[in-house]
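Open the model in your viewer and keep the selection tool at hand. Each stop below says what to select and what is found there.

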Amino acid sequence: MNDSISDGISAEAAAAPKTDGWEPKIVAFCCNWCSYGGADSAGMGRFQQPASARIIRVMCSGRIDPLHVFNAFLEGADAVLVTGCHIGDCHYVNGNDKTKIKYKYLENVAHELGIEKERLQLNWISASEGEKFANFIRDVTEQIKKLGPSPLKPAGVV
Amino acid sequence: MSDIKGTENKSTVAKDSDEKRVGVFVCECGVNIGGVVNTKAVAEYIGTLPGVKVTSVNKFTCSDSGQADIQSKIKEYNLNRVVVAACSPKTHEPTFRACIEQMGLNQYFLEFVNIRDHCSWIHMWEKEKATEKAKDLIRMGVERSKLLEPLQASEVPVTDKALVVGAGVAGMQSALDLADMGFQVYLVEKEPSIGGRMARFDKVFPTNDCSICILGPKMVEVARNKNIKIMSYSEVKAVDGYVGNFNVKIEHKPRYLDVTKCTGCAKCSEVCPVEVPYDFNEGFGTRKAIYVPFPQAVPLRAVLDKENCINCKACAKACQSGAINYDMQPSYTDLNVGVIIGAVGFKTYDPEPRHDFGYGLYDNIITAMEFERLLNAAGPTGGHVVRPSDCKEPIRVGFVNCVGSRDKATNIYCSGVCCMYTIKNAQLLKEKRPETDHTIMYMDIRTPFRGYEESYNRSRNLGVKFLRGRPVEVKEDPVTKNIKVRVEDTLAGEIRNLEFDLMVLATGIVPNEGIGQIQQLLKLSKAADGLLMEAHPKLKPVDTTIDGVFLAGCASGPKDIPYAVSQGSACASRATILLKNKKAITEGITAVVNPDVCVGCQVCIPMCPFQAIKMDEKEGRANVVKALCKGCGTCVTACPTGALEQSHFKNAQILAQVKNVFRFQEVAV
């Protein structure tokens with residue numbers, strides 16, 4: 001990760017008024033069968049987490065398109081999460097294997113664009129892993145709070 | 001219920017049929033949502049969004065009155081899109097789809113927003129933030145709903161045959177019930193005999209009836225039923241297809257003898273010179289390399305264990321019917337079935353690797369399953385419980401409960417049956433030999449069902465001692481080989497030093513070997529405990545997320561015998577709905593090719609694990625076979641031209657959600 005870039009943003013972020021109680025906005029793409037279920041399980045288990053994530057449900061993580069991810073950044077996402085079933089557990093045999101391959105390229109492009117690695121994360125979460133889902137959201141939120149708002153966020157967007 | 005926005009002049013109802021008229025129904029779910037999210041403020045805000053014609057807040061939107069409210073508003077406001085903001089679509093989407101469909105709306109015009117599991121339940125102490133988040137989530141749903149397109153769910157024919165995987169007591173019950181209802185059932189069992197774990201038990205709680213005496217007749221009944229085809233010593237190797245039309249490949253492992261000729265006389269075993277530990281007796285005693293699994297086995301046929309066979313050919317000479325065939329190869333059967341019932345069972349926790357409570361280090365510590373076989377009249381000792389070190393009958397017997405259960409280091413769940421079988425085991429030995437002395441070391445005694453508490457009381461009356469505490473130190477006396485235990489009696493608040501001739505570990509229920517394989521073959525979900533997941537823990541306990549696949553018995557969590565049998569029957573009943581109707585409804589969500597844009601590059605074809613995309617060579621473009629497409633959308637992401645789209649999850653629909661995560665806030669200059 002490029003330190004100079006992140007430092008620059010951090011300084012900017014520190015100067016901005018939002019650090020006090022500022023909640024990042026995180027777009028979380030979840031597959032219907034596993035990670036969306038994991039988010040449901042987090043609810044059922046009442047695993048409290050920051051109110052930062054906005055979940056978008058797709059049927060399979062294989063459906064998550066770079067188009068969706070970069071659009072989320074352009075619209076103002078402070079972080080984007082790509083989530084799906086554990087490898088081997090895909091409801092559609094191996095959609096998540098394809099996600100894994102695609103994600104590598106996605107990650108590289110994001111890095112080249114100067115998007116810090118904390119802002120784009122991949123995680124496999126099963127439908128029973130409510131606590132893991134909650135911890136993931138908490139961890140990412142903390143990381144993003146340190147980084148401050150995304151440099152790609154258009155002015156005036158919340 | 002309260003209408004927040006409903007003041008619009010109803011005479012201005014759209015002439016333009018394309019105008020999106022959205023109704024938003026916010027559920028309070030009692031206090032589950034309403035206690036955290038300010039639903040009134042949310043509805044007020046949502047009412048200001050373009051296209052939203054009415055918003056309504058209900059205490060329980062899923063209730064009769066809640067649904068009636070949706071239906072009356074659809075009529076009153078001529079709505080053509082409905083957004084329900086409530087719990088999880090995974091449980092309640094079908095309810096509301098049916099609700100709007102009754103009013104003549106396409107069921108895919110429903111957008112379901114989760115503001116309970118994903119909002120109120122996880123932000124219980126941040127009411128304002130939860131309210132703001134709910135606004136965002138519903139705004140995303142409203143904008144997506146405007147782009148939803150009508151789809152048709154399709155009907156598929158259902159083959160009226162069933163596959164039951166696993167022939168333990170749960171699987172046998174499913175097979176019998178389905179067969180009795182007139183359906184053809186294939187019952188696949190990986191062991192050489194059906195019967196499962198129950199065939200190994202001595203007596204079963206709480207009534208202490210002989211296990212094989214009640215199971216044996218059921219096994220024979222299964223074998224005799226004309227509608228059941230038993231495939232013992234066989235495994236599922238491949239599963240393809242979908243509800244109503246599963247293609248399954250079964251591998252029949254070679255028994256190295258012709259089952260049509262074998263009579264189960266066991267003459268072959270008599271002459272076989274090889275002796276190996278007898279797995280049916282938990283490794284106590286021996287069996288031959290060629291053997292009949294156990295006296296009540298169904299089918300009553302021998303099996304040759306090639307791994308231990310020394311190829312002396314004595315059995316071939318002894319076999320009067322000439323059944324032995326050393327060159328047998330695995331054979332395969334392809335089945336077409338409409339439904340699959342997974343009853344793949346469990347195994348008991350193995351305390352050996354961790355040497356729990358000294359197991360594996362000291363001879364006179366055994367597991368409850370081992371104890372069970374020693375108690376059994378047909379077991380290795382003819383029903384005499386002896387201790388392994390010197391084959392003497394023990395007087396002082398200690399039982400340790402919760403081994404491999406209720407323990408963060410092994411399995412955190414309660415196996416549910418160990419208290420009862422320990423109570424039963426102590427009773428049985430006490431009744432056989434009243435001079436014996438029994439101490440059960442427990443954490444809590446759990447006796448929840450009919451007759452269980454009575455059994456517990458009975459064992460106390462018999463003189464079985466109950467000590468609340470876990471052994472903290474287990475040692476072996478080097479001379480007597482007795483087991484010395486240091487245990488805190490937590491009720492008396494005292495440390496006790498006890499000595500036992502034999503100690504028995506109540507090992508818990510853990511996932512069976514091969515559960516992972518069956519999970520992947522059937523595309524089921526596995527929970528953190530390694531057991532398979534049901535569609536809903538309360539309301540769909542035997543369904544799975546895969547249509548046409550059901551689960552019975554311990555594969556989906558620890559169960560006792562009555563519970564497993566009930567689940568077996570429940571699976572049969574659920575499966576019959578499909579088998580009898582001869583049709584199933586499948587999702588209308590599929591990939592769709594835009595023929596004008598497709599250039600026939602074929603990038604999508606290898607993306608599909610279901611071979612649902614075929615090349616139309618004549619036209620030079622791809623075609624999606626709807627019956628095969630499962631609607632994952634992976635091909636859509638791969639398509640470089642944008643010719644492929646996934647219905648109900650089109651790029652525009654997803655991007656509408658993405659865009660509406662955010663909103664503009666005027667910045668004061």
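Begin with A:Ala39, which touches A:Ile55, A:Phe133, B:Asp117 and B:His118, leaving aside residues up to four places away in sequence. Keep in mind throughout that this is a predicted model. A:Ala39 sits in helix 2 of chain A, residues 35–44. Is A:Ala39 buried or exposed? Its relative accessibility is 2%, and buried means under 20%, so A:Ala39 counts as buried. A:Ala39 and A:Ser126 are 87 residues apart in sequence, yet their C-alpha atoms are 9.3 Å apart in space.

**Helix 6 and helix 14 of chain B**

Move to chain B and select helix 6, residues 169–180, together with helix 14, residues 561–581. The axes of these two helices are 8 Å apart, and the packing angle is about 35 degrees. Helix 6 of chain B passes helix 14 of chain B in a right-handed crossing.

To see the contact, show side chains on both helices. On helix 6 of chain B, the residues that take part are B:Val169, B:Ala170, B:Gln173, B:Ser174, B:Asp177 and B:Leu178. Facing them from helix 14 of chain B are several residues, among them B:Ile561, B:Ala564, B:Gly568, B:Cys571, B:Ala575 and B:Leu579. Colour the contact between helix 6 and helix 14 of chain B by class: ten residues are nonpolar, five are polar and one is charged.

**Helix 6 and helix 7 of chain B**

Select B:Val169, B:Met172, B:Gln173 and B:Leu176 on helix 6 of chain B; they meet B:Leu215, B:Lys218, B:Met219, B:Glu221 and B:Val222 on helix 7 of chain B. By class, the contact between helix 6 and helix 7 of chain B has six nonpolar residues, one polar and two charged. B:Val169 and B:Gln173 take part in this contact and also in the one with helix 14 of chain B.

**Salt bridges**

How many salt bridges does the structure hold over all chains? There are 47, and the next stops visit some of them.

Select B:Lys146 and B:Glu143. Their side chains meet in a salt bridge, at 3.1 Å from N to O. Both residues belong to helix 5 of chain B, residues 127–146, and lie three residues apart, about one turn of the helix. B:Lys146 and B:Glu143 are both buried.

Next select B:Arg287 and B:Asp305, whose side chains form a salt bridge at 3.2 Å, N to O. This pair links distant parts of the chain, 18 residues apart: B:Arg287 is in strand 15 of chain B, and B:Asp305 is in the loop between strand 17 and helix 9 of chain B. B:Arg287 is buried, with a relative accessible area of 11%. B:Asp305 is buried too, at 13% relative accessibility.

Go on to B:Glu619 and B:Arg621, a salt bridge in which the closest N and O atoms are 3.8 Å apart. B:Glu619 counts as partly exposed, at 46% relative accessibility.

For the last stop, select A:Glu23, A:Lys145, B:Glu126 and B:Lys129, which salt bridges with shared partners join into one network.

Methods. Residues numbered from 1 in each chain as written. Chains lettered and ligands numbered in written order. Predicted model: local features only at pLDDT ≥ 70, side-chain atom pairs only at ≥ 80, totals over all residues. Heavy atoms only, no water. Salt bridge = Lys/Arg side-chain N within 4 Å of Asp/Glu carboxyl O. Helix = DSSP H or I, 4+ residues; strand = E, 2+ residues; numbered from the N terminus. Buried < 20%, exposed > 50% of the residue type's maximum accessible area, 1.4 Å probe, protein only. Axes fitted to C-alpha atoms, helices over the stretch in contact; angles between N-to-C directions. Contact = heavy atoms within 4.5 Å. Nonpolar A, V, L, I, M, F, W, Y, C, P; charged D, E, K, R; others polar. Left-handed = near helix turned anticlockwise from the far one by under 90°.
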